[in-house]
Amino acid sequence: MSPPTAQINASQPVNSFEEICEEIDTLLLSRYPSKTVDDDSSSTSSFPSSTPSDSTASSFRDYTSPITPERVVKFYKEQHEKQTVACVIEKQNRFSSLNHAKMGVWNALELLNTLVDNSDPDTELSQIEHCLQTSEALRRDGQPRWFILTGLIHDLGKLLYFYGAEGQWDVVGDTFPVGCAFSQSIIFPEFFQNNPDYNNPKYNTLYGIYEPNCGLDNVLMSYGHDEYMYQVIKDYLPPEAGYIIRYHSFYAQHRENAYCHLMNDYDHEMMKWVKIFNPFDLYSKSDQPPNIQDLKPYYIELINEYFPEEICW
């Protein structure tokens, strides 16, 4: 069966979207080299045995003197200036209705992949290949089936780009809380100075509109594919899977521990899973793409174990 099609905003070329995703990944690899497990990691799981060492991670691309592309700098400047409390509330209200499409999970993977392939045939690694590399790394490491499936679908929320997102700044990139002071641990923190909330006394203190240790579920996060995909899958997968998907781009916390003052005990326990997942996501890429057709039967069976034939997007 042919994958579904979707309307694309002609003013937002898909090749630039794919390129910005790749360049953000490159920046993350440079900023967050592979490191050993934290002392508070889960007692039931571990970092992947196949995670590259620092020397290996730096050898498959040269990050000894990384130069951040101007496009990535401009991306984060726009993101930091536009992700306000009002913006996040508006996007949550608009996209949580999940009324943009109804299709199966594998079809959604093919849709994202087809759109990228048709618009940028020279891209070395497609979205579906990155998803499969992540899930296959989890599978080789003997992780639970729900965790393997989480790896497969963790970036599927990027379909948001084709369902009415304003650009790239409200789909990809690091995520962070709004409604309180922006941490200096967030990438390019200087760009928040032109955010309307930056000088708002309601929002520019440590806790802002929140209470100490209120829990991240009560915190407004900058909007993007993480929150969107969480809303899509939260009723189908274990809470750990939903938490990983919702916060896997929250680097200011799971790599910098900048927002512990907003987290409750549940967050501290669940964030361990995000930290376990992160190396599989960042360090699973390789020059050898996975064989999609060979892997498809396994993943169709895995998808059917957790999802109905069609879900709402």
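Gln288 counts as exposed in this predicted model, because its relative accessibility is 62%, and exposed means over 50%. This residue sits in the loop between α11 (265-282) and α12 (292-306).

The next topic is charge. Side chains of opposite charge can pair when their charged atoms come close. In this structure there are 14 salt bridges. One of them joins the side chains of Arg71 and Glu23, with an N to O distance of 2.8 Å. The two partners come from distant parts of the chain, 48 residues apart: Arg71 belongs to helix α3 (residues 70-82) and Glu23 to helix α1 (residues 14-31). Their surroundings can be described as well. Arg71 counts as partly exposed because its relative accessibility is 33%, whereas Glu23 is buried, with a relative accessible area of 18%.

A second salt bridge pairs Asp170 with Lys91, and here the closest N and O atoms are 2.8 Å apart. This pair also links distant parts of the chain, 79 residues apart, with Asp170 in the loop between α7 (145-153) and α8 (225-233) and Lys91 in helix α4 (residues 85-95). Are these two partners buried or exposed? Asp170 is buried, with a relative accessible area of 1%, and Lys91 is buried too, with a value of 0%.

Cysteines tell another part of the story. A disulfide is a covalent bond between the sulfur atoms of two cysteines. How many disulfides does a search of the whole structure find? The search finds zero. Cys180 is in no disulfide, because the nearest cysteine sulfur, that of Cys214, is 8.7 Å away, and a disulfide needs the two sulfur atoms within 2.5 Å. Cys180 counts as buried at 1% relative accessibility. Cys131 is likewise buried, with a relative accessible area of 2%.

In an unreviewed entry, the annotation "binding site" covers His130, His154, Asp155, His225, His248 and Asp281. Of these residues, His130, His154, Asp155, His225, His248 and Asp281 are included in the lining of the largest cavity.

Two of the annotated residues deserve a second look. Asp155 lies in the loop between α7 and α8 and counts as buried at 5% relative accessibility. Leaving aside neighbours within four places in sequence, Asp155 is in contact with Leu112, Gln127, His130, Cys131, His225 and His248. The side chain of Asp155 also makes a polar contact of 3.3 Å with that of His154.

His225 is found in helix α8 and is buried, with a relative accessible area of 3%. Not counting residues up to four places away in sequence, His225 touches several residues, including His154, Asp155, Lys158, His248 and Ser249. With Asp155, the link is a polar contact between side chains, at 3.1 Å.

Methods
Residues are numbered from 1 along each chain as its sequence is written. This is a predicted model: local features need pLDDT of at least 70, side-chain atom pairs count only at pLDDT 80 or more; totals for chains, interfaces and linings use all residues. Side-chain values use heavy atoms; hydrogens and water are left out. Helices (H or I, at least four residues) and strands (E, at least two) are DSSP runs, numbered from the N terminus. Buried means under 20% relative accessible area, exposed over 50%, partly exposed in between (1.4 Å probe, protein chains only). A salt bridge is a side-chain nitrogen of Lys or Arg within 4 Å of a carboxyl oxygen of Asp or Glu. UniProt positions are given in the numbering used here, feature names are shortened, and annotations may be inferred rather than shown by experiment. On a 1 Å grid over the protein atoms alone, a cavity is a set of points where a 1.4 Å probe fits but cannot get out, and a pocket is an open set with protein on both sides within 12 Å along at least five of seven lines; lining residues have an atom within 4 Å of a point. Contact means heavy atoms within 4.5 Å. A polar contact is a pair of N or O atoms within 3.5 Å; within protein, one must be able to donate a hydrogen and the other to accept it, and residues adjacent in sequence count only if both atoms are side-chain atoms.
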